[in-house]
Amino acid sequence: MSNKFKLLIFDWDGTLMDSQARIIDCFKIAIAEVGLQPRTAHEIRQIVGLGLLEGFQALCSDGSPAQLKQAVKIYRDNYFSSYAKPTPLFDKADEVLQGLYDAGYWLAVATGKGRRGLNEALDKTGLKHLFHSTRCAEETTSKPNPHMLYEILEELDTNVSDAVMIGDSLFDLEMANKAGMASIAVSYGLQDKQRLMTCNPLTCLDDVTELPTWLEMTK
């Protein structure tokens, strides 16, 4: 394999999985139940990608530490409830990942999700075996701090120049910039293309199925 990149590091929510409706719903429920000022779907989309507590802190600066801690618990309880909204993969994302794995790429996940949420998603989608490494915000430092990228690189003994971060939020791209890592934005997730391009990603893809062709062209 003579590809420019050896390791592809993916964000999860909004990049591989269409979880927007479920995340927004759970944030709104938690905010209402602890008695904080309601937030719009647009406002919530801007903080998705941070760790859960960090997300509530950024979204609800009027909240006390006790309220925010309780909001995190309520969010998790609702996210894993039997009536939570479904979170499908983006169309053909599983085929793209399998194809990249078969082509010899190493795959990893760097996500603001908790470990329980990521493990559930990996188990339900049957994709766990494709990833060489995964990191969740609660196990390390929340995006945009680059710590989780450094940990993945160290675990896989990979140089930063051989890796690329793929994500749908400013936090993903800022994290990559801070690590000195190349990045690829995707426009079909939670944040708009114009904002993403301010972080100078190598490209911005409008569909996950465009990734293999783009990688092939950059060999």
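Mentor: Let us begin with alanine 176, which has its place in helix 8, residues 170–179; helices here are DSSP runs of H or I with at least four residues, strands are runs of E with at least two, and both are numbered from the N terminus. The model is a predicted one, in which local features need pLDDT of at least 70 and side-chain atom pairs count only at pLDDT 80 or more, while totals for chains, interfaces and linings use all residues. Residues are numbered from 1 along each chain as its sequence is written, and side-chain values use heavy atoms, with hydrogens and water left out.

Alanine 176 is buried, its relative accessible area being 0%, where buried means under 20%, exposed over 50% and partly exposed in between, with a 1.4 Å probe and protein chains only. Once its neighbours within four places in sequence are set aside, alanine 176 is in contact with Leu149, Met165, Met181, Ala182 and Ser183, contact meaning heavy atoms within 4.5 Å. Alanine 163, 13 residues away in sequence, lies 9.8 Å from alanine 176, C-alpha to C-alpha.

Elsewhere in the chain, helix 4 (residues 65–79) has buried residues at Leu68, Ala71, Val72, Ile74, Tyr75, Asn78 and Tyr79. An α-helix has 3.6 residues a turn, so residues three or four places apart point the same way. The buried residues of helix 4 pack against helix 1 (20–33), helix 3 (52–59) and helix 6 (115–125). In helix 1 the buried residues are Arg22, Ile23, Ile24, Cys26, Phe27, Ala30 and Ile31, and these pack against helix 2 (41–45) as well as helix 3, helix 4 and helix 6. Glycine 35, with a positive phi near 80°, follows helix 1.

For the setting of these parts, the protein chain has 10 helices and 6 strands. Its radius of gyration is 17 Å, close to the 17 Å that the globule rule gives for 219 residues, so the chain is as compact as a globular protein of that length; the radius is taken over C-alpha atoms, and the rule is 2.2 Å times the number of residues to the power 0.38. Along its principal axes the C-alpha trace spans about 55 × 35 × 30 Å. Of the 219 residues in the protein chain, 54% are buried, and among contacts between residues at least 6 apart in sequence, 65% join residues at least 24 apart.
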